[in-house]
Protein chains: 4
Amino acid sequence: GRPLLFIAGPCVIESEELIRETSLRLADMAHKRGWQIVFKSSFDKANRTSFNSYRGPGLERGMEILARVREETGLPITTDIHEPQQAAPAAKVCKILQVPAFLARQTDLVHAIALAARDNDGIVNIKKPQFIAAEDIIHAVNKCREAGANNVLLTDRGTMFGYGRLVNDMTCIPTMQAMGCPVCIDATHSVQRPGGSTTGGNRGMVPFVARAAVAAGADAVFMETHPDPDKAKSDGPNQVRLSEIEKIFEQLSRVRELITEFNAAAS
Amino acid sequence: GRPLLFIAGPCVIESEELIRETSLRLADMAHKRGWQIVFKSSFDKANRTSFNSYRGPGLERGMEILARVREETGLPITTDIHEPQQAAPAAKVCKILQVPAFLARQTDLVHAIALAARDNDGIVNIKKPQFIAAEDIIHAVNKCREAGANNVLLTDRGTMFGYGRLVNDMTCIPTMQAMGCPVCIDATHSVQRPGGSTTGGNRGMVPFVARAAVAAGADAVFMETHPDPDKAKSDGPNQVRLSEIEKIFEQLSRVRELITEFNAAAS
Amino acid sequence: GRPLLFIAGPCVIESEELIRETSLRLADMAHKRGWQIVFKSSFDKANRTSFNSYRGPGLERGMEILARVREETGLPITTDIHEPQQAAPAAKVCKILQVPAFLARQTDLVHAIALAARDNDGIVNIKKPQFIAAEDIIHAVNKCREAGANNVLLTDRGTMFGYGRLVNDMTCIPTMQAMGCPVCIDATHSVQRPGGSTTGGNRGMVPFVARAAVAAGADAVFMETHPDPDKAKSDGPNQVRLSEIEKIFEQLSRVRELITEFNAAAS
Amino acid sequence: GRPLLFIAGPCVIESEELIRETSLRLADMAHKRGWQIVFKSSFDKANRTSFNSYRGPGLERGMEILARVREETGLPITTDIHEPQQAAPAAKVCKILQVPAFLARQTDLVHAIALAARDNDGIVNIKKPQFIAAEDIIHAVNKCREAGANNVLLTDRGTMFGYGRLVNDMTCIPTMQAMGCPVCIDATHSVQRPGGSTTGGNRGMVPFVARAAVAAGADAVFMETHPDPDKAKSDGPNQVRLSEIEKIFEQLSRVRELITEFNAAAS
């Protein structure tokens, strides 16, 4: 029965200026509309297609920038962790620690993130790998719980469908909720078109996927946003234009209210 | 901006009694709630797993029974057509003529159904085969249009996802609507689990899939229903209990109203 | 321990001249090399992408042409059947009656083909639909056996892998052989790239797929061939040039001999 | 035109005794039959389903054990690397450094392995992730080449096919060879059935998959083996019994000879 949680921000920390512009805008929305928004941006893109692609400012500088966002805007922060030793320092700044989909089977990483979340009253957000069934994410959830981290959010970012395409199986949402975890839809990465020299995407489908997932019961929505996505240094084709995000979030909130009403009537 | 169209009824004409019970109940809902409901039941299940499975009463007797439903309840009728010569007689009774998913590539069948729809002011409902992309259903739509049938409804009944499982790609909905056709979600067959000695299914997922699709913009919902699904002669595991369908339809109507409001604001 | 069976010919009967040229060439190979070759060509392409695509000469004229091939070359004949009433006339000419993949779930068609095969000492060749697991073809096999047709050949023509692409699961071969049926690899249709305004394909992959399947134990190879595939009226992108087929068949025969030797040593 | 390369050994270093038994047996085969065999075993299973599963002896102890195998048997060694800092120490012992499939998109890991291979005259073996097309492995190959590692082997270990199942697309083999790299078939992990509380598998399919791949042109075969697979601490259901591996390798060598002969005739 809780309102929707939004996780939003630019894919990667391209510059302090970009982070400031987007976080202030999102904070403004959060205050004005009473929305729960968590600010997300990556300090390192560890799995770019090419060795020479832009990766980000790195852990230390990234955390400085994100800590400033937290102070200036009051928004909680989240970022993705790629190596076990990054978990503890990131947990000082981030309320939610994200396990990347490709790495969600790596025991040491999941364990380190779970310990850092436990010690900092944080939340682990496990992205369901593109290559496993919803049922099987329970093993990563259990690794967290065994480490004492009980606040686990599960995210659907799509499942591989043949080569070069992902699909969102909406039945994943109730399946993962049955594990006792809230579920997030990552509408940005779900519309990626992996393959070729740079990963493509289909930004126009983001609102459809997000609305469908919220109607199917999703508790949170992850959506990357950029003032000028076509100039973004990563995931440009699937980030939503910052000027359009408020309207999308408003519609999703309305769908959420309806689903909450249905669920209240059922119980 | 139109209200949702519901297509509902038992999978197959098991008996006149079953058809009468379900159609009266659905007609009662339609009148009381102001819903558009089309009554669906099959006169022949032409692709059962086993040679000895129950198939239905056949074309002639089936049409008699369905014509009586139309007279008694006022509900429009739909059924699925398996051979070209069945199209014209069925079109005398049925407002919507359904092209089965497995057969949607068969030119003669699509052509015959299109001609029968054209001549009887009817609608062709093409089920997107489980094995083609939404983009590629345009060829079946064109075959209808070339035959003079301009009222074409497109239905997503899931796409094969590995062996023994289907998935609904919600991006199919806007993709097929871009062809100028309304789109229906077949929530019943989408949750089938094909394979094994009888086709299984997961009835519990039907409301989630239907709500997601309506939120993604679907114009119609196809849902098979039976007073006692566990005793149904076909598709038992995925038919919805008749006593539960009114509540599901009500929720879907509410989601539809919200989406209609969003679309009105956008235009 | 039997030598490989080859099924070859142009996709569709484009003209008597084409059929004569290809069948004489194949017969020449069969006699010279001692190969078992069955001549295949379709009298009707019943599921073309477009309504206006070339379909073939039809049943009656098609059977005349194929009967002449049989007389002139001595090659056994096969063709694909799309409607139940076509089975009996086709069985007068064809040793092998092919059930198309899209239609392999249609009970009446499978039944009619099985009866025609039984009555004419023929063989039913069921193409495993692109949308079912190898395990599940047993139901179509049982429909044949229940009708008294005991000579059933099963063909793998690929399984849908996402949108627009097929994959050959080589484990299908032993799985289907375990049903007591010999298994054929359709190397032509397996490399189709369905989707778009005409079905594409990747002819260059045909020999790799065929060799892999024969090494995995396939008993027969289906390969469409045309003197000038780029001018073919159907399946041009995946038919093999007639001038190249002898070398491919020779290599496949050599692989077969090796596998036969392995199997003999094992028993 | 080179003979097949075999990569074999128990999945994980369970004990020195197991490693000694299997490596001596494989070395004996290599000497007696003139086969190229590389000994493989993992020092750490970093992505087990459960936190409490057996993981292995770790890097340091693992390298001691593998160094002893190299000295005692003369077999070249390979193992899989999970963290960048493991690459350099492993390269002192291992001729081939394996990039795990789940991690093949992690730039830092690929880079560290490539540098270690370059500095030790070694080979990088990149396992194609289960979630990417063969075409797209070029990006990982390029990351290696940019780091100065020019000996890159590419391995197909199957591609996700729906949930809980993998398939080998044999057209991957020529596609990856076109990148200038030899290609290996990992017949062990290709027959995994991921999902459930422990990963399952289908050992009986290993020889079929391996034969098919070698016939399609694969240059190397990866096959895990254990004296008593049902008691193995990892991947038991898909490891081959040590007593059966010689016969399988012999058959694969025969298939390879035939393909080499075909290729020689073609050039």
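User: What rotation superposes chain A on chain D?

Analyst: Copies are superposed by least squares on the C-alpha atoms of residues with pLDDT of at least 70 in both. Here, a rotation of 180° with 0.0 Å of shift along its axis puts chain A on chain D, at an RMSD of 0.0 Å. The two copies are therefore related as by a two-fold rotation axis. The same surface serves both: 100% of the contact residues of chain A recur in chain D, contact meaning heavy atoms within 4.5 Å.

A word on the ground rules: this is a predicted model, where local features need pLDDT of at least 70 and side-chain atom pairs count only at pLDDT 80 or more, while totals for chains, interfaces and linings use all residues. Residues are numbered from 1 along each chain as its sequence is written, chains are lettered from A and ligands numbered from 1 in the order in which they are written, and side-chain values use heavy atoms, leaving out hydrogens and water.

User: Which C-alpha of chain C is nearest the axis that relates chain C to chain D?

Analyst: That pair also superposes by a 180° rotation with 0.0 Å of shift along the axis (RMSD 0.0 Å). In chain C, the C-alpha of Ala212(C) is nearest the axis, 1.9 Å from it. Since 100% of the interface residues of chain C are also interface residues in chain D, the copies meet through the same surface.

User: How do I read helix packing?

Analyst: Two packed helices are described by the angle between their axes and the distance between the axes. Helices are DSSP runs (H or I, at least four residues), numbered from the N terminus. Axes are lines fitted to C-alpha atoms over the stretch in contact, with angles from 0 to 180 degrees between N-to-C directions. Helix H8 (residues 206–215) of chain C and its counterpart H8 (residues 206–215) of chain D pack at about 145°, axes 7 Å apart. Arg211(C), Ala212(C) and Ala215(C) meet Arg211(D), Ala212(D) and Ala215(D) there.

User: And the classes in that contact of H8(C) with H8(D)?

Analyst: Ala, Val, Leu, Ile, Met, Phe, Trp, Tyr, Cys and Pro count as nonpolar, Asp, Glu, Lys and Arg as charged, and the others, Gly among them, as polar. The contact has 4 nonpolar, no polar and 2 charged residues.

Technical notes. Helices (H or I, at least four residues) and strands (E, at least two) are DSSP runs, numbered from the N terminus.
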